[in-house]
Amino acid sequence: MRNKQLLTDKENERMLADIVESIVKKPIDLRYTNKPESYVESFGRYHAITLGKIKGIDKFTLLNHEAGHILFNSPTKSGEDMITKWAEAWNVGPTPRMLIKKTYWYALNIIEDQRIESLMAKLYLYNKKRFYKAKINVGRDWGNGDCNILTMLSCIRFGRDDIVKENIIYPSQEREYELAKEILNEVEGTGNRGALIGLAKFKLCIDLYISYFIDNGPQHYNMWEDDVDMHSLDYDEVGRV
């Protein structure tokens, strides 16, 4: 039987990065970490994708996700413009304003992740199965704790609607849940304005969440910071939308 030389995982990852490089005409630096994180950054002349160790998600799936932010031009500059204006409209000090921006960014990241994964699934059909499996694996270990407006988006995206439903007490929460599902469905297959439109539709719900912390004072800011702790997108969008 003829021996076949198989590519290593890193060689496969490098091959995909090379394909993306040839499309966007910029070098892509692949970096690896043992931390449970994955993200893409832009440094003008080149992009850097960091792949970590996230339980339930293999690195090739992580790479496909991060490559989607590059290929489909995630609206980071436009998002920053919009979110900064929204945050400055709140009459608060530097610390809560920073947390307000992180809150909007948290929601935008979730919506944008949904958008780019839907487009990557169209680019390569097996990605649909790959992303679905990853989301189920991540969501499977989540406990049935409290559910706020941000975790609601995450729960829907990661197949844990049951957590949301168990926490619905008031009709307003049911309406928020239906709106969140609608936004995540509608953003699929859209251009890079899609996630910004989705965020704008969800802004009133997010603002009610922000108002809770503003009204209850600094003693609640640690809890707020824990809610919105995340690695923001640092991709250099090609032009504002």
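Two strands are taken to pair if DSSP finds at least two bridges between them. In this predicted model, strand E2 and strand E3, the latter covering residues 47–51, meet that criterion in the antiparallel sense, with 5 bridges between them. One of the positions involved is Ser38, whose bridge partner in E3 is Leu51. In general, strands of a sheet pair through backbone hydrogen bonds, in either a parallel or an antiparallel arrangement.

The sheet to which these strands belong is open and has 3 strands in the order E1-E3-E2, with mixed pairing. Its edges are formed by strand E1 (28–32) and strand E2 (38–42), each of which pairs on one side only. From one strand to the next, the twist averages 20°. Two helices accompany this sheet. Helix H1, residues 9–24, lies across E1 and E3 and runs at about 150° to E1, while helix H2, residues 59–71, packs on the sheet with contacts to E1, E2 and E3, its direction making about 150° with that of E3.

Aromatic side chains were examined next, and a search of the whole structure finds 8 aromatic pairs. In one of the pairs, the ring centres of Trp86 and Tyr104 are 5.0 Å apart and the ring planes stand at 70°, so the pair is edge-to-face, given that planes over 60 degrees apart fall in that class. This pair links distant parts of the chain, with Trp86 in helix H3 (residues 76–88) and Tyr104 in helix H4 (residues 94–123), 18 residues apart. Both Trp86 and Tyr104 are buried. Trp86 also has a charged neighbour, as Lys203 lies over the face of the Trp86 ring at 5.2 Å from the ring centre.

A further pair is made by Trp142 and Phe158, whose ring centres are 5.3 Å apart and whose planes are at 55°, so the pair is classed as tilted. Here too distant parts of the chain are linked, since Trp142 is in the loop between helix H5 (126–140) and helix H6 (149–157), whereas Phe158 is in the loop between H6 and helix H7 (161–167), 16 residues apart. With a relative accessibility of 29%, Trp142 counts as partly exposed, whereas Phe158, with a relative accessible area of 17%, is buried. The charged end of Arg157 sits over the ring of Phe158, at 5.1 Å from its centre.

Elsewhere, one aromatic cluster is formed by Tyr209, Tyr212, Phe213, Tyr221 and Trp224.

Technical notes:
Residues numbered from 1 in each chain as written. Predicted model: local features only at pLDDT ≥ 70, side-chain atom pairs only at ≥ 80, totals over all residues. Heavy atoms only, no water. Helix = DSSP H or I, 4+ residues; strand = E, 2+ residues; numbered from the N terminus. Axes fitted to C-alpha atoms, helices over the stretch in contact; angles between N-to-C directions. Contact = heavy atoms within 4.5 Å. Phe/Tyr/Trp six-rings, centres within 6.5 Å; stacked < 30°, edge-to-face > 60°. Buried < 20%, exposed > 50% of the residue type's maximum accessible area, 1.4 Å probe, protein only. Lys NZ or Arg CZ within 6 Å of the ring centre and 35° of its normal.
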